[in-house]
Amino acid sequence: MAEVQVLNVAVLDNPSPFGNPFQFEVTFECMEDLPEDLEWKIIYVGSAESEEYDQTLDSVLVGPIPAGRHMFVFQADAPNTGLIPESDAVGVTVVLITCTYRGQEFIRIGYYVNNEYTDTELRENPPLKPDYGQLQRNILASNPRVTRFHINWEGCAEKMEDSENVDPAPNAMLSPSCTPGKAPPLGLVPDNSMNCL
Amino acid sequence: MKLLKPSWVNHNGKPIFSVDIHPDGTKFATGGQGEDSGKVVIWNMAPVLREEDERNENIPKLLCQMDNHLACVNCVRWSNNGLYLASGGDDKLVMVWKRAAFIGPSTVFGSSSKLANVEQWRCVMILRNHTGDVMDVAWSPHDVWLASCSVDNTIVIWNARKFPEIVMTLKGHTGLVKGLTWDPVGKYIASQADDRSLKVWRTMDWQLETNITKPFSECGGTTHVLRLSWSPDGQYLVSAHAMNNSGPTAQIIERDGWKTNMDFVGHRKAVTVVKFNPKIFKKKQKNGSTPKPSCPYCCCAVGSKDRSLSVWLTSLKRPLVVIHDLFDKSIMDITWTLNGLGLLVCSMDGTVAFLDFSQDELGDPLNEEEKNAIHQNIYGKSLAITMESQLSSTIIENPEMLKYQQERQGNQNPNEAQGIGPENQTPKLTNVLNGESLEDIRKNLLKKQVETRTADGRRRITPLCIAQLDTAGTAAVNSIGMKSNLLLTSASKIEPMKALDSRFTERSKAMPGVTSVPLTIGITPLDRVKDSSSVKEPKGKDETSSDSEDKIMVKSIAKRKGEMEGAEVVEKRKKGRPRKDAKTMPFPQVTFLLSKDPSRLTTPIAVLKLPTPSIQKSFSTQVSTDGVTYLEVENEVSVVSGSRLSQLKWSREGREWDVLLPSRIIIAAGSSNVVAVACEDRTLSVFTACGRRLIPSIILPVPMSALHCSGHFVMALTASAMLSVWDVQKQTALVKNESLNPILSGTDATVSQSFLTQQGVAVVSLSNGKTYCFNSSLETWNLIADKQDSLVQCTDFRNCVSAQDALGSMGPLALTQGRNLSAGRLASRLSSTPHHLQQGMTLAFLEKQLSSALILLSASEYRHWLLIYARFLVNEGEAVREGQCHCSQG
């Protein structure tokens, strides 16, 4: 039975110019040697309105992972400005860090990101076309929002029969794609702790 | 008595269902509802005990919180050695926690509470088997087993030395099982359920010892838990919710005969929890007064749905103290400190209360030695020296083993003393940083970490291992604190974020068909602060004195008295508390108005006398485990034209039949094929499993001592120590009135256990540890097991036992010998017997086992031992006997 518990994520190089790469230093602990790699992803939400503008900045495999406490820095390039709607460039958006094991996402860490001009002049009269060179990216590192999902650590994402009687509260927060049938109540990270601003 | 409500012990206002103080008294655990999961919290005890520690900000209050349970946690229990914490919850899981991997305080990443976990407790095992909410968990004495009970009507016994192995699932309850307690001697486990019964199970064969229903017949399933408790001297079992004259009580059940003549009365609503003080007390000797010989007594706390708590001493007729309105909702759990003077109570209202007694109030607690002396007095063996080697029976019945263990214990003591400190037990994370500080590493981590490309061109990072789990050494790595750099200040900026909120919880868009889910959970940190500050203020120390509370109770007793009728009041008051067994407490036994002339039937004079069971008004036994079958006996159920009729009722999964008998029934036994009952008029009646009488009543010369059925066989052991076994299908006698004289004469031993195997072989175990079976073809008594046998202790065939073998070793032989065969292995290693000697002993032992299995006609065990025997011969190169083995196998 394996368990990966994310102990901390430190946001490095923050605040920083919009074009700088994202850097997250992740500390996690694993109860047993993991036979397979973890896959980490950084997803930048281009617009609150639609998922269409989500960009996966990068994905890395992390491994091998013996039992113990580990850390690594996940660096990914800044988002492609061409894919961000101009109206959404300035203001608040979200960056997500997800981790999957054997194709099953078991943790999602979200941060609010505030993009704003450092220059007072620009702040008061923002140009119609965003000037990415002048934008500063500020990740609200103190308030990560962590959602944990129950996955089957033993095998791949096979369906579990044991789906009745799962506490309704965690399910209420899961998207339809992770109905109890697909979210086996097996994992060792069964909490769904949330943090809000 | 001091009373304190530490307001800081809370689950943010959510109910607390369970509380348990760690055996070393430095911390306690609470379990209950969390934000959106179950929650287990470990708290520091010091701030509860001392006010200055409570005010000292450097002393942490919360040590660790665990949100791993998916749903509400109903029970938390520390193991007796303090190494583990077990928790059970509505998520059907039992989790076992161990203190581990200490790197320094760390928060639960992303959790709302910024409180650091001072201690790290990790879930080391998840036990899955129950199909419904787990209501109670309990560690057996010496942590050999962990029991859990559930609303799935079962009790699961887990092998605590080999999680997640299941030793046995106890089936028989027909309602939600809501409480468990182990006999402190380890012979029984008791459970209470919503099916209006309390069942006592033997740990020897995990069969039902007794089923108590009468005090619960009026009970409705209204309580969340039914936490019953066994007294520390083992003599009394006290139930949760029972009824007597439509008043709620806690029923006292005597170990001796499972009599239910006394109860604790006074609570206005159902009793949810009973907890005995772990100490036995004796009266405080006051200076100057003449020291009178005082009897030891026990102390028991009772909590109820009426929100009040009562504490009773078995030496007093009235409760020592009753506290009303301690909580806003029902009391859910009670735990005593190990010294017996402190008590924590938790409630559904989400608060806990601490009661601190003085020795003047409770008395002088007996030390372990004195407690052991009492146990020895009652059970003839000491609890303290039972050790892990006694897997099957925690009772030592063998003086040699006792001596050996005492020696062993002597050797072990220094280690154990060290082990008590929790720091020493903590598995450590090894620092693998080679002296570099974590800060230095973090600065260069990005440059230093190894990044490669996989064959398909993907990035792969090898993480830096900063600590290994569960190896020796100490970790001195600083905590990784999250720097608080809150930059968002204007409230207006929060507004647009709502549109983004859903993104946090959805799974990655790689999954098709994702639609956003409105987020329902959104409490700002500010609100949470308010929540926690609105928790009740402490009610203040020294608020009440025991004097005033005594009065309150007197009032409530008086009130109850008025409700009852004259004659019964007298009886009630006598029933008010349990009394010690005559062996420990020499004061006179109380006779009860209800007593049903239990000793009218005296055993006729015989050379050898075996005890006969006394007649009970009603009793029931479970006769078969697979198709849960019950036999219920009700004596003198009706009077028809002057003769009193008794009823025997048989039920299996909804089907049932009953027969009436003209005499009171003493013993009833059954198998899947037959049912036999022995009556007061010395008749034995045999029925088929469908209720048809098989043979006219058999007349016995003397009353029956023990009766067993198995398959088509019926075994009768009379009070004059005569054994008979009949095959009722073929109507033949396998054993005809055979005397136990050969095995009993010359010893002061008595029959401790008897049973009948599936093949109709009668087995009799004596209190001297020897077990015999009667071989009807040789017409001899054969010794099949001897706990004093020196061969057993010096054999070593461990190499020859494979994992699958464990299954094959179940059977009558294993039942008589217990599983403490493994004890021998330890002994042999300690005493360093010469190899050839040990080899010879092992051979002799194995051959003995083989022949015993053969004479018991136990095929699976014969195969089991034959395999071990063969492997042993091959390993040891015993060519001569190998040949013989081939023959016998052929």
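Is A:F72 buried or exposed, and what is its relative accessible area? Hi everyone, let's start there, and keep in mind that this is a predicted model. A:F72 is buried, at a relative accessible area of 0%.

Now for its surroundings. Across all chains, a search of the whole structure turns up 24 aromatic pairs. One of them joins A:F28 and A:F72 edge-to-face, with 6.1 Å centre to centre and 75° between the planes. That pair links distant parts of the chain, 44 residues apart: A:F28 belongs to strand β3 of chain A, and A:F72 to strand β6, residues 68-76. A:F28 counts as buried too, with 0% relative accessibility.

Let me move over to chain B. Here B:W139 and B:F163 make an edge-to-face pair, 6.3 Å between centres and 75° between planes. B:W139 is in strand β10 and B:F163 in the loop between β12 and β13, so the pair ties together parts 24 residues apart in sequence. B:W139 is buried at 8% relative accessible area. For B:F163 the value is 19%, and buried means under 20%, so B:F163 counts as buried as well.

Back to strand β3 of chain A, residues 22-30, where we also find A:V26. A:V26 is buried at 0%, and its contacts include A:W40, A:M71 and our opening residue, A:F72.

A:F22, A:F24, A:Y44 and A:Y111 are linked into a cluster by ring pairs. A:R137 lies over the face of A:F22, 3.7 Å from the ring centre. In chain B, the charged end of B:K61 sits over the ring of B:W8, at 5.7 Å from its centre. Thanks, everyone!

Definitions and conventions:
Residues are numbered from 1 along each chain as its sequence is written. Chains are lettered from A and ligands numbered from 1 in the order in which they are written. This is a predicted model: local features need pLDDT of at least 70, side-chain atom pairs count only at pLDDT 80 or more; totals for chains, interfaces and linings use all residues. Side-chain values use heavy atoms; hydrogens and water are left out. Helices (H or I, at least four residues) and strands (E, at least two) are DSSP runs, numbered from the N terminus. Buried means under 20% relative accessible area, exposed over 50%, partly exposed in between (1.4 Å probe, protein chains only). Contact means heavy atoms within 4.5 Å. Rings of Phe, Tyr and Trp (its six-membered ring) pair if their centres lie within 6.5 Å; planes under 30 degrees apart count as stacked, over 60 as edge-to-face and the rest as tilted. A charge sits over a ring if NZ of Lys or CZ of Arg is within 6 Å of the ring centre and within 35 degrees of the ring normal. Lists of a residue's contacts leave out its neighbours within four places in sequence.
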